[in-house]
Amino acid sequence: MGCTKFGDHWDKSADDLVIDAVKELSESSGVLASNVDAFWLGTAVTGQSGLVLSKPLKLLNKPVTRVENMCATGSEAVRNACYAVASGAYDLVMAVGVEKLKDSNMTGLVVPSSPTDGTSVDLTAPAMFSFLVPAYMKKFGVSSEEMRSALSHIASKNHSNGAKNIRAHFQREVSAETISKSPRIAGDLNVFDCSGISDGAAAALICRAEDAHKYTDKPMYVRALSLAVGTGTGSFDPDYDYTTFPEVVSCAKVAYEQARITDPATQISMAEVHDCFTPTELVLMEDLGFSERGSGWRDVLSGRFDSDGQLPVNPDGGLKSFGHPIGASGLRMLFEMWLQFRGEAGARQILNPKFGLTHNLGGQPGEVVSFISLVSNDPE
């Protein structure tokens with residue numbers, strides 16, 4: 001694998017970022033891009049068609065497929081690349097994710113509305129996800145002070161993890177007290193509750209399990225790939241209460257069945273989840289089965305998901321601290337798993353990890369796509 005630093009790359013183009021990520025991949029595997037059978041490119045807004053990848057890598061008449069699935073775009077590239085190998089169509093493929101956002105005209109992450117509902121988006125992404133906070137407090141009897149403490153702990157945890165990561169966009173610790181006092185921007189969400197906008201790229205080389213040791217002495221094995229896309233009717237559904245993402249629950253069920261996981265709270269060693277906003281991470285702890293319903297906030301405050309806790313979540317800093325170049329984020333999560341299984345995560349290293357989970361979520365509450373992978377250093 002390969003991954004660039006995420007951040008404000010004013011001095012680099014998307015081409016530069018792709019080249020940097022693939023160069024690192026080649027150095028770690030000994031495989032040049034010219035020797036790869038096929039490519040899958042994930043990018044949401046940086047360009048169209050496979051030419052976005054073939055031009056900087058100077059690929060001569062190779063099959064390159066560009067995919068997009070909102071914030072799950074990078075993961076979608078991995079999913080399709082894995083299926084291509086599993087089908088027997090190719091022996092060796094590459095998944096690459098890239099996004100160049102800082103010098104675009106974007107002032108926030110893309111949140112497209114359904115193209116056929118006759119309305120336009122009039123809410124920002126922070127506003128949409130801010131609905132989770134009062135809904136959760138009301139349903140589970142959590143006070144505003146308790147909720148604020150839990151959300152600030154999530155942000156502080158992820159900033160602390162990112163401070164140990166030389167590739168992260170934001171590399172400094174921020175106290176929970178500072179986070180709690182920062183300016184509000186939407187509902188109960190403040191500046192530190194929201195992930196940033198970044199540039200970056202990441203890449204993965206994918207082959208059959210039996211061929212993995214041709215390229216590395218420490219391969220990472222894909223044990224599950226799951227994607228769930230909802231109907232987009234949550235905001236009109238009287239039964240939807242903004243305290244869960246049903247698509248994530250369904251997605252997790254399929255992933256756990258594929259990997260034969262029966263108790264994710266104890267069997268998962270570490271997780272990279274889509275913390276676009278702090279309440280998103282809180283709700284995901286329950287949707288993924290890491291916490292009981294209504295008790296996720298307590299587990300957060302107890303330190304269960306801290307880097308030295310029972311189930312470290314976002315050990316690389318997450319979207320909050322590592323950054324979120326849309327097309328690269330899913331691959332960045334897998335890159336952290338790859339480092340952890342190889343024992344190369346430095347100060348973030350988790351002791352003897354067995355199973356890693358990555359999760360992407362795109363859209364808004366009531367209208368999302370959800371991706372989950374389970375990876376391991378054990379093929380079975």
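Colleague: Leaving aside neighbours within four places in sequence, which residues is Ala186 in contact with?
Modeller: Keep in mind that this is a predicted model. Ala186 sits in strand E5, residues 184-186. Once its neighbours within four places in sequence are set aside, the residues in contact with Ala186 are Pro126, Ala127 and Ser130.

Colleague: Does Ala186 count as buried or exposed?
Modeller: The cut-off for buried is under 20% relative accessible area. Ala186 has 9% relative accessibility, so it counts as buried.

Colleague: And Arg172, is that buried or exposed?
Modeller: Arg172 is in the loop between helix H6 (144-162) and helix H7 (176-180). Leaving aside neighbours within four places in sequence, Arg172 is in contact with His159, Ala163 and Phe192. Exposed needs over 50%. Arg172 has 52% relative accessibility, so it counts as exposed.

Colleague: Which residues of its lining lie nearest the centre of the largest pocket?
Modeller: The pocket holds about 850 Å³ of space. Its lining divides into 24 nonpolar, seven polar and four charged residues, and strands E7 (200-207) and E8 (221-229) are among the elements that each supply at least two residues. Of the 35 lining residues, those nearest the centre are Ile206, Cys207, Met220, Tyr221 and Val222.

Colleague: Which residues touch the most other members of the largest nonpolar core?
Modeller: Nonpolar side chains tend to be buried together in soluble globular proteins. The largest nonpolar core here has 51 residues, and those touching the most other members are Phe245, Leu288, Phe290, Leu357 and Leu374.

Colleague: Which helix gives the most to this core?
Modeller: The core has 51 residues, Phe245 among them. The biggest contribution is six residues, and it comes from H8.

Colleague: How many of the residues of helix H10 are buried?
Modeller: Helix H10 spans residues 278-287 and is mostly covered. Some of it meets Phe245, which touches Thr280, Val283, Leu284 and Asp287, among others.

Colleague: Is Ser49 buried, partly exposed or exposed?
Modeller: Ser49 is in the loop between strand E2 (38-42) and helix H2 (51-57). Its phi is near 75°, a positive value in a residue other than glycine. With a relative accessible area of 35%, Ser49 is partly exposed.

Colleague: Last one: what is the phi of Asn352 near?
Modeller: Asn352 lies in the loop between H13 and strand E10 (355-364). At 55% relative accessibility, Asn352 counts as exposed. Its phi is positive in a residue other than glycine, near 50°.

Key. Residues numbered from 1 in each chain as written. Predicted model: local features only at pLDDT ≥ 70, side-chain atom pairs only at ≥ 80, totals over all residues. Heavy atoms only, no water. Buried < 20%, exposed > 50% of the residue type's maximum accessible area, 1.4 Å probe, protein only. Helix = DSSP H or I, 4+ residues; strand = E, 2+ residues; numbered from the N terminus. 1 Å grid on protein atoms, 1.4 Å probe; cavity = no way out; pocket = protein on both sides within 12 Å on 5 of 7 lines; lining within 4 Å. Points joined across faces, edges and corners; volume = space filled by probe spheres on them. Nonpolar A, V, L, I, M, F, W, Y, C, P; charged D, E, K, R; others polar. Core = buried A, V, L, I, M, F, W, Y, C linked by side-chain atoms within 4.5 Å. Contact = heavy atoms within 4.5 Å.
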